[in-house]
Amino acid sequence: MFKYYFSLALRSLRRNVVLTMLMIAAIGVGIGASMTTLTVFRAMDADPIPHKSGQLYAVQIDNWGPADHSMDTGDKLEDQIDYVDAMALMHAHAGARQIAAYLTGFALTPANPELKPFKVDARATFTDFFSMFEVPFEYGAPWGSGDDDARAPVIVITHELNDKLFGGANSVGRTINLDNEDYRIIGVMAPWNPMPRFYDLTSSDFEKTAPVFLPFTRAIDRHLLSWGNTSCSKASEEGWEGLLNSNCVWIQFWAELPSAAAVEEYRRWLKNYAEEQRLSGRFQWPAYTKLHDVRAWLTYEHVVSDETRILVLVSFSFLLVCVLNAMGLMLAKFMGRSADIGVRRALGANKRAILAQCLIEAGVVGLAGGLLGVVLTVLGLLGLRSVLSEQILELTHLDPSGVCIALALAIAATMIAGLYPTWRAAQVVPAWQLKAQ
Amino acid sequence: MEVLPILSAMRRNKVGAILVAVQMAATLAILSNALFIIQQHLALSSRPSGIDEANLFAISNQWVGTPPDESALLQTDLAALRALPGVIDAYATNSYPLTNSGWGDGADLKPDQTKSSTHMARYFGDEHTLNTLGVKLLAGRNFTAAEVVDRMYNDQAAPTALIISRAMADSMFPHGDALGKSIYTSGNKAQTSPIVGIVERLQSPWVSGSSWAAGWVENTAIEPYHYLAKSFCYLVRTQPGQLENVLLLSQQKLFEIHRARVLDKVQTLTEARQEVYRDDRGLALILAVVCAVLLAITAFGIVGLTSYWVAQRRRQIGIRRALGATRGAVVRYFQTENLMIAATGAVVGIVLAITLNLWMVSSFQLERLHNSYAVGGAVIVLLLGQLAVLWPALRAASIPPALATRSV
Amino acid sequence: MLKMTHLSKVYRTEVVETYALRDFSIHVREGEFVAVTGPSGSGKTTFLTIAGLLEEFSGGAYQLDGVDVQGLNDNARSRLRNEKIGFIFQAFNLIPDLSVAENIEVPLRYRGFSAAERRRRIQQSIERVGLAARQRHYPAELSGGQQQRAAIARALAGTPRLLLADEPTGNLDTQMARGVLELLEELHRDGATIVMVTHDPELAVRAQREVHIVDGQVVDVATEPRLVSGARGRMQL
C-alpha cells in the first residue's frame, strides 16, 4: 500500500507544480538556514574529548582577592593561574595526573638556507599532557618526566609540521632550529585538532594545535614569554624572575580526576592549598577555588558565542515561518482535492487510508525539501566561510550525522506542517457527487 | 468598505486566515529584530579608528633568537623605513588599532585607589607616532626624541610622558583640564606620568562588541618607548597611492638590514579593519540574506494561499461580477481581506518582536529594540501582504461574470 | 438485499429541524432493478446517501445484505461500502489524476486484493463496459458517455451486491444516455441488483419497479414487475 500511496503522492505533486515547488522551497530554505547555523553551533558545542570530558578538570584559584577582578568573568576568578601556584600544584601531585601549560612560540629556521625562517606557535607543558588529553602519536612518544626535570631541549611536533619539514617521514631523533637552538624531535603526533581547543580557551577557541610542544621547564629556562593572555592585578618586580614571582596569570592548569571521590578529594585539597596561602600571608582573602570539567569549562568560557546563538534562534524561527507557510499551502492543496477524497471515501477508503495517503504526500514533500535543504546547507556553510573569519572554517563541515539530522528535521517539519491539513482531509465526508465549487 | 462580508468569509476559512496572520506576525518579529541587530553590527563596524587607515600598513617583526644589539637594530630599521621613497613616516610599537590584541591597563588619579578611574589601551611610540598615524593633536605637544627610551617586556618604570585620546582625557578629567595633569598608570603606585598631549581620537585595539574593552574602547595612551621584544610591529604611513609599492619595498629593505627575522604578518590597515570586523559584517550579511529569503517565502506563501482562495471562490466571484461588482471592487475585496489579516498579524507581531527582543536581551549581550524597528517591520509586512495579494486579486478580477450562469 | 423500515433522517440547524426522510420504508430484493423517483427536494438523494452508507440516519432500521448497519463505526461502514456497494454518479466522479484503469483500481486497492487479482478484475470490468482500448486514457480525454462507462466499470470491479446509481444519465446527451442505460439493463439481466434515482419518468419506466418519494415519504409503490424487454421496445420507438 505504501508504494501505491507514494505513486499517488508523486502524481498529485506533479499536478500542481507551482504549489509543490513553493512547498519544497519553503521547507528546503527553512532547513538550509537552520541546518547551516545548527552545524556551526554543533561544532562549537561539540565535546572535544567525549569519553574523558568528565574526568578532566580546569583549575581556578583566586590569587588576586575579590577587589581586583575588575574585568571579564562574573564570578571574580581568572581563567588562568600564576607561576607560583602552577608550580606548587604540579609538585603536590594531588590529582591522578596534572599539567600546567602555556602558549609561546619561536622563529623556526629551516635546515635549507634558501628558506626564510618562519614563526611557529609552541605549547610549553608537562609529559602528562599527552596521556591526559589522549594525544595520538604517529612516530616516537612523548618526552618522559626525566626530560621535564632535566629541562631537556626535546620537542613533540604535529603531523602537519612533520609534513612541512620532513615530508611526513619519521623524523624522530632529528633536530630543528628554534631561535638559534637545536631541539631534538622525540615524537610526532598523528593528526590531532580537538575543536574547540578546550585545553586553552584564553585567546581563540578554535585555533589549531600548536605545531611544537616542549617541556614547560625548558620554556621557563629559556625565558619564553606567553603568546596568549597575561593579566596582572598589580605591578611586579622587573625582569623574568619578577614575572615568575608576580601574581600575573598566564598558565592553564588541568587535573585528571578519574572518579567522583577523586574530584571531591581534589576540591578539598585545592581549597586547603588556598587556605594555606592565606595563612602564610600570600593571600589576604578567604580561599576561593573552582573546578570545571571539560563541558562545564566550555560553557564557563562562552565558547558558543552569543552571535551563534542568535543566528540559531533566528534561523529556527525562520524554519517555523517556513513550516507555517508549507502548512498553509498544504491545506490549500489537500482541500483543493476534497472532491477526490470524497470519492475515495465513497469507494471504500476509511479515514486511516486517507490519513496515510496525505501523510505520505507530506512526507514526500518533506524528503524533497530535506534534500534541497542539505544542498542549501552545504551552500550556506560555504557562504559562512566566505563571510566569517577563518577560525570558523573548522566548524563548517557537514558530516553524515548532519545530513541525517537535516533530513529528519525536514520530514518532521513537513509532517508537523502536514498534520493539520491531513486531519482536515480525513474529515472530508464520503461524497455522493462532486458538489459544484 | 465591505468589511463585514469579508469577515464572515474569513470565518469560514478560519485556519487559512490564522495561518497567514501568524506567519506574518512571526515574519515581523524576526525581521525587526534581525534588522536591529544588522544595524547595530554595521554601526559598530563603521566606527572610526582615528588613524589614516587608507595609507597605513603594519609589519609584525619577530627576531630569530635575540640579535646582539636589538636597540640599534630597531633604530636602523626605522631610519631605513622612513627613508624609503613614498614613505611619510614610520614607528615601532607593541600594538595598534583594529587588531583585537594589545596591552590594557587601569589609570588612577591617586596612588591608593582600590578601583581604577578608567581603563585604557597602551600604545608604545616615539616622536614619529602622531605623524605616522595621522592623528590630530588637539592640545599639548608631541614627544621629543629625548623622551623616548628603550623598554623591555617586564620593565616597571612609569612613562615619563603620556599622549592620550580625548575620550580618555574626558573620562578622567571631565572639566577638560587634563593637559599637564599627572596620572598613575601601569600599576606603578610610586611614580606618576604627566599628560603632555591630547589627540582627537585614537581607538584601542579591542573593537569587538563583546570584548573586555567594550566600555572604554576609545581610551588610549601613547607612551614614549621603543619596545625591545622578540615580537613587535612597525607601522608605516605612505603617500597616497604608494601603499602597495612601499609594502613590498620595505620588506626587502628589512631583510637586507638583518636576515634573521620573521616578517610574520604584513597587512594594510584597510585589511586589518576588514579582518577585525569580518564576523560583524558577516553576521549582518547573513541576517540580511535570511530576512530577504524570509520576506520572499512569506510573500509566495500569501500568493499561494490567496490563489487557492480565489480558485475556491471562482463561482462566488462570478456571481458578484454578474450582480454588478466592478473589477476594481474584486481587487479591493482581496486587498482589504489581506489588509485585515496582515493588520492582525502586525499587532501580534509587534508584541512578539518585543517579547523576542526582551528575551534575547536577558540571554545575550544585546540592546533593547528601538520601537521604530517594530513599527518599521510592521509597515514592511503590511506592504508585503498588499504586494503579494495583488497578482491573485487581479486574476480574480479577470473572472468573467458569465461564470455565474454556468452550472458545473 | 436492501431493507429500510420506518427510517427517518433529520437535518438540524440552530433554528429549524427539517425531515429529509420520514417513516421511510422500502425493500429491494436481490436481483431487482428499482427506480426511485420524485420531485427535486423530495429526499431521493438523501435516501441514496443513506443507502450507500455515506451518511447516518436518525431513526428506524436499515439492513444491507442482512447486516444491520446501525451503529457501525466508520471503518466498518467503509468496508461495507467497499465490498457490497458499487456507485454510479451523475457527475461520473472519476479521479482526474488517474487513468481509466487506475480509477477502476481504486476500490480494489482498498479491498486489499493482490496485484494479479486487481489486474484480472480491471481487465474483466473494463471489457464488460467496452473500454478496453481506452484503459490508459485519462478522464479528460474521454467523452461523457465513455467517462460514465469507466465509472460503471469502477463500480463493477469489486463485484458488489448492490449498484446505486444517481441520475446516471443526467450529464449525458440522449445517445450516450441510451448506451449507458442499455449497459445497466444488461447488468441487471446478468443478475445485478440496481437502485437508480432519477427525476426522469422516461427512465423510471424502464426499471422493474418504481418507487415514488414526495416530502421524504414513499407515496406510491408500483409493485407489479414490468418486463424489461418491453421497456426497451418502447424506447426504441
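Trainee: Anything to keep in mind before we go on?

Mentor: This is a predicted model, where local features need pLDDT of at least 70 and side-chain atom pairs count only at pLDDT 80 or more, while totals for chains, interfaces and linings use all residues. Residues are numbered from 1 along each chain as its sequence is written, and chains are lettered from A and ligands numbered from 1 in the order in which they are written.

Trainee: What does the C-alpha trace of chain C span along its principal axes?

Mentor: About 50 × 45 × 35 Å. As for the inside, 46% of the 237 residues of chain C count as buried, meaning 20 or more other C-beta atoms within 10 Å of a residue's own, with 12 or fewer making it exposed, anything in between partly exposed, and C-beta atoms placed from the backbone.

Trainee: And what share of the contacts in chain C join residues at least 24 apart?

Mentor: It's 71%, counting contacts between residues at least 6 apart in sequence. A contact here is a pair of C-beta atoms, placed from the backbone, within 7 Å.

Trainee: On to the chain pairs. Which two chains have the most contacts?

Mentor: Chains A and B have the most among the two pairs that touch. Their contact takes 53 residues from chain B and 50 residues from chain A. On the chain B side, α2 (14–45), β1 (56–63), β12 (261–268) and α8 (278–312) each give two or more residues, and α8(B) gives the most, with 17. By class, that side of chain B has 28 nonpolar, 19 polar and six charged residues. Ala, Val, Leu, Ile, Met, Phe, Trp, Tyr, Cys and Pro count as nonpolar, Asp, Glu, Lys and Arg as charged, and the others, Gly among them, as polar.

Trainee: How many residues of chain C are in contact with chain A?

Mentor: 24 residues of chain C meet 18 residues of chain A. In chain C, α1 (44–51), α2 (74–84) and α3 (100–111) each supply at least two residues to that side; α2(C) gives the most, with six. The class count on that side of chain C is nine nonpolar, eight polar and seven charged. Chain B and chain C, by contrast, do not touch, and their nearest C-alpha atoms are 9 Å apart.

Trainee: How do I read a helix pair? At roughly what angle do the axes of α8(B) and α11 of chain B cross?

Mentor: Roughly 30°, with the axes of α8(B) and α11(B) (residues 371–397) coming within 8 Å. Axes are lines fitted to C-alpha atoms, for helices over the stretch in contact, and angles run from 0 to 180 degrees between N-to-C directions. That makes α8(B) roughly parallel to α11(B): under 35 degrees is roughly parallel, over 145 roughly antiparallel, 65 to 115 roughly perpendicular and the rest oblique. Residues of α8(B) in this contact include L295(B), A299(B) and I302(B), while α11(B) brings L384(B), A388(B) and W391(B), among others. The class count is 12 nonpolar, four polar and one charged.

Trainee: And what about α2 and α14 of chain A: at what angle do their axes cross?

Mentor: In chain A, the axes of α2 (residues 17–44) and α14 (residues 400–426) come within 10 Å and cross at roughly 140°, which makes α2(A) oblique to α14(A). I27(A), G30(A), I31(A), M35(A) and T39(A) in α2(A) face partners in α14(A) including G402(A), A406(A) and L409(A).

Trainee: Is the peptide bond from M195(A) to P196(A) cis or trans?

Mentor: Cis, with omega near -10°. P196(A) is in the loop between β7 (181–189) and β8 (212–215) of chain A.

Technical notes. Helix = DSSP H or I, 4+ residues; strand = E, 2+ residues; numbered from the N terminus.
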